[in-house]
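Welcome, and thanks for taking a look at this one.

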Amino acid sequence: MNLVNASKSLKELGLRQTKSRVLIIEILEQKRGPLSVEEIIHQMKVKRSFCDQATVYRILVVLLQKKLIQKITSPNSLLSRYEINTSDHHHFTCDDCGKIEEIVSCNVDILINKLSKQKHLLVKGHSLEFYGLCARCQN
């Protein structure tokens, strides 16, 4: 996402296009995988911009509320990570090293259809996260 797209996304959501908001969106879009608040702040410093931790958290809360980003939290870690809310996908988080891998091939749609028919439910969304040990940490 470039500066124009980030600004456009904010404007479409009824948010002011502050330099920090645009930069955080760009950082999340450019990086492969979810980032922690500390990693976001580091990337801001690399780009010669500074935002204190409290401001970054406030921006992330607003972007979460507007569903522009999503938060990934492992049940075995206090560290949350954030990423742009894109296609439907899930994550595997390693309990030892904290590595997060994206899982794109998941047949959750079959389960949703089954639930909808059997229980007469209207499923509007879901959250599915995997955790355990990555290949490196198993050895």
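A contact here means heavy atoms within 4.5 Å. Please keep in mind that the model is predicted.

## Gln 53 and its surroundings

Let us start with Gln 53, which belongs to helix α4, spanning residues 53–65. Leaving aside residues up to four places away in sequence, Gln 53 touches Val 37, Glu 38 and Ile 41. With Glu 38 there is also a polar contact, side chain to side chain, at 3.3 Å.

Is Gln 53 buried, exposed or partly exposed? Its relative accessibility is 38%, so Gln 53 counts as partly exposed, since that class lies between the 20% limit for buried and the 50% limit for exposed. For a sense of distance, Gln 53 and Asn 85 are separated by 32 residues in sequence and by 22 Å in space, C-alpha to C-alpha.

## The largest nonpolar core

The largest nonpolar core holds 23 residues. Those with the most contacts inside this core are Ile 24, Leu 28, Ile 40, Met 44, Val 56, Leu 60 and Leu 63. At least two core residues come from each of α2 (19–30), α3 (37–46), α4 and β2 (80–84). Helix α2 gives the largest share, with 6 residues.

Not counting residues up to four places away in sequence, Leu 63 touches Leu 10, Leu 15, Ile 24, Ile 25, Leu 68 and Ile 69.

## Strands β1 and β2

Strand β1 (residues 69–73) pairs with β2 in the antiparallel sense, over 5 bridges. In this pairing, Thr 73 stands opposite Ser 80 of β2. Strand β2 is mostly covered, with 5 of its 5 residues buried.

Tyr 82 sits in strand β2. Why does Tyr 82 count as buried? Its relative accessibility is 5%, and buried means under 20%. Tyr 82 and Lys 66 are 16 residues apart in sequence, with their C-alpha atoms 14 Å apart in space.

Ser 36, in the loop between α2 and α3, also reaches this part of the model: among residues beyond four places away in sequence, Ser 36 touches Leu 79, Ser 80 and Arg 81. Ser 36 is buried, because its relative accessible area is 4%.

## The three-stranded sheet

Now for the open sheet of 3 strands, which run in the order β4-β3-β5 with mixed pairing. Its edge strands are β4 (100–103) and β5 (129–132), each pairing on one side only. From one strand to the next, the twist averages 20°.

Strand β3 (residues 90–94) is joined to β4 by 4 bridges, and the two run antiparallel. Here His 90 stands opposite Ile 103 of β4.

How many disulfides does the model contain? The count comes to 0 disulfides. For Cys 97, the closest cysteine sulfur is that of Cys 94, at 3.7 Å, which is too far for a bond because the cut-off is 2.5 Å. Cys 137 is in no disulfide either, as the nearest cysteine sulfur, again that of Cys 94, lies 3.6 Å away. Cys 97 has a relative accessible area of 33%, so it is partly exposed.

Most residues other than glycine have a negative phi. Which residue in the loop between α3 and α4 deserves a look? That is Arg 48, which has a positive phi of about 60° although it is not a glycine. Arg 48 is exposed, because its relative accessible area is 76%.

His 120 lies in the loop between α5 (108–119) and β5. The phi of His 120 is near 55°, a positive value in a residue other than glycine. At 71% relative accessibility, His 120 counts as exposed, because exposed means over 50%.

Notes. Residues numbered from 1 in each chain as written. Predicted model: local features only at pLDDT ≥ 70, side-chain atom pairs only at ≥ 80, totals over all residues. Heavy atoms only, no water. Buried < 20%, exposed > 50% of the residue type's maximum accessible area, 1.4 Å probe, protein only. Polar contact = N/O pair within 3.5 Å; in protein donor to acceptor, adjacent residues only side chain to side chain. Pairing = 2+ DSSP bridges. Axes fitted to C-alpha atoms, helices over the stretch in contact; angles between N-to-C directions. Core = buried A, V, L, I, M, F, W, Y, C linked by side-chain atoms within 4.5 Å.
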